[in-house]
Amino acid sequence: MAFPDEQLNLYERDGAVMIDSPFTVEELDKAEAAWDRLQASGDPAYEDPDYVDVVQHPFFEEVAKKVLRSDSVHLWWGVQPHNRPPREGQFNSPSDQWKNGCHTDIQATWEDFQAIPRRMRAELWFWVNEVPENRGAMRILPGSHRPIMEYWGRVLTKEHKSMLPRVHGLRPDPPERAPAYPEYVPDLLDKPWLEHEPVPAVARRGQILILCSSGLHSAWQNEDSVPRKAMGTSWIATGVPGGMPKVQCDAVKGFFPHLRKKLRPERAHIVPEDFDWLVESDYEPKWPELFIEQ
C-alpha cells in the first residue's frame with residue numbers, strides 16, 4: 001500500500017498531508033548528492049542517473065495512483081531540484097510573508113476534486129534534507145482548497161469548467177505585475193484570507209508532502225544556515241487533460257522525451273510518449289468570472 005487511508009482522508013480534508021517514504025539512508029544520501037550536483041551545475045535533471053532513479057521509483061507512482069483514484073497515472077510536471085536557500089539580510093514579518101506570497105497554483109472545481117479519476121494534479125514534494133520550521137518550510141492554509149474550488153464551481157462558465165484542471169496562479173490580493181492580474185481569489189470565509197495564520201509544512205528527511213495547490217500556500221524565507229532541498233514531481237491520471245501556460249507546455253515538450261529515454265524500460269510508461277493530454281491555457285484572454293466584484 002502506498003500510504004494509509006487515514007492519511008488520504010487528511011489530504012482530502014486539509015489539502016495537504018505529510019507521509020513517510022520507503023527510502024533508506026543510503027538512498028537518501030545518493031538522492032541528496034544528486035541534488036547537490038544538479039544545483040551546482042544547473043544541468044537538466046535527466047542528466048544525473050541517481051536523480052532519475054529517484055523520479056522512477058515506483059513508490060511515487062503508487063502514491064499518485066491512490067491520490068488520483070486511478071489505476072494509471074503519468075508525470076505532469078516537475079523533476080528539477082527545488083532550492084530554498086538561506087536568506088541574506090533582514091527577514092520579513094510572518095504576516096508580510098503571507099500577504100506577499102500566498103497563492104494557489106491549480107484551478108479546478110470541487111466536482112473535479114471529487115471525480116473518479118480525480119481531475120486534479122497530484123503534487124509530491126520529496127524532502128532530501130530535514131525541513132524544520134525555520135528552514136523555509138512551506139506555509140499552507142489547511143482546508144482552503146475546498147471553499148475555493150466550490151467557488152470556481154459556482155461562478156465559472158460551462159465552457160471554462162471544461163478547460164480544468166489547469167495551472168493558473170491566483171492570489172487574494174495580486175499586484176499589477178502578477179500574470180493573472182486582475183484575476184484573484186475572493187475572500188470566502190468570515191475572516192479574510194490574508195488574516196489567517198498558515199501552518200508550516202515541517203518534515204523529516206525522506207518524507208513526502210502531498211499537496212493540493214488549489215488551496216492557499218506560500219513560499220517562506222529560510223532563516224537557517226543551510227538550504228531546504230526538495231525534489232518535486234506532479235502527476236495526472238491517464239486520460240485526464242491538464243492545462244498549462246505556453247511556456248510550461250513548451251518546457252514539458254522539450255524535457256519529457258529526454259527523460260523518457262533515461263528511464264528503465266519497465267518504468268518508461270510514467271512519461272507519456274505523446275502530448276495529447278496537454279492543453280495550452282495561458283493568462284490571456286482573461287476570464288471575466290475571475291475578477292468580478294464581490
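How many salt bridges does a search of the whole structure find? The search finds 26, where a salt bridge is a side-chain nitrogen of Lys or Arg within 4 Å of a carboxyl oxygen of Asp or Glu. The model behind these views is predicted, so local features need pLDDT of at least 70 and side-chain atom pairs count only at pLDDT 80 or more, while totals for chains, interfaces and linings use all residues. Residues are numbered from 1 along each chain as its sequence is written, and side-chain values use heavy atoms, with hydrogens and water left out.

**View 1. A salt bridge links K30 and D50.** Here the closest N and O atoms of K30 and D50 are 3.6 Å apart. K30 belongs to helix α2 (residues 25-41) and D50 to helix α3 (residues 49-55), so this pair ties together parts that are 20 residues apart in sequence. Helices (H or I, at least four residues) and strands (E, at least two) are DSSP runs, numbered from the N terminus. K30 is partly exposed at 46% relative accessibility, and D50 is partly exposed as well, at 23%. For these labels, buried means under 20% relative accessible area, exposed means over 50%, and partly exposed lies in between (1.4 Å probe, protein chains only).

**View 2. D36 and K229 meet in a salt bridge.** The N to O distance between their side chains is 2.9 Å. Since D36 sits in helix α2 and K229 in strand β11 (residues 228-237), the pair ties together parts that are 193 residues apart in sequence. D36 is partly exposed, with a relative accessible area of 33%, whereas K229 counts as buried at 9%.

View 3. R146 is partly exposed at 40% relative accessible area, and E150 is partly exposed at 29%. Elsewhere, salt bridges that share partners join D29, E32, D36, R205 and K229 into one network.

**View 4. Strand β9 pairs with β1 and with β5.** Strands of a sheet pair through backbone hydrogen bonds, either parallel or antiparallel. Two strands are taken to pair if DSSP finds at least two bridges between them. Strand β1 (residues 16-19) runs antiparallel to β9 over 4 bridges, with A16 bridged to L211. Strand β5 (residues 122-127) is also antiparallel to β9, again through 4 bridges, and W125 has L209 as its bridge partner. Which way do the side chains of β9 (residues 208-211) point? I208 and I210 point one way, L209 and L211 point the other way, and all are buried.

**View 5. Strand β2 lies alongside β11.** The two strands pair in the antiparallel sense over 4 bridges, and H74 stands opposite I236 in β11. In β2 (residues 73-77), 4 of the 5 residues are buried, so this strand is largely enclosed by the rest of the structure.

**View 6. An open sheet of 3 strands has the order β8-β6-β10.** Its pairing is antiparallel. β8 (199-200) and β10 (217-218) stand at the edges, each with a single partner strand, so one side of each is left without a neighbour in the sheet. Strand β6 (residues 139-140) joins β8 through 2 bridges, with R139 partnered by P200.

**View 7. The largest nonpolar core has 58 residues.** A nonpolar core is a set of buried Ala, Val, Leu, Ile, Met, Phe, Trp, Tyr and Cys residues joined through side-chain atoms within 4.5 Å. Y11, V63, L75, F126, I210, W235 and L259 touch the most other members, and helix α4 (residues 58-68) gives the largest share, 6 residues. Leaving aside neighbours within four places in sequence, L75 is in contact (heavy atoms within 4.5 Å) with residues including V55, W235, F256, L259 and W277. A second, separate core of 17 residues includes L141, Y151, W152 and L156.

**View 8. C102 is in no disulfide.** The whole structure contains 0 disulfides, a disulfide being a pair of cysteine sulfur atoms within 2.5 Å. For C212, the closest cysteine sulfur, in C102, is 15 Å away, too far for a bond. C102 is buried at 1% relative accessibility, and C212 is buried at 2%.
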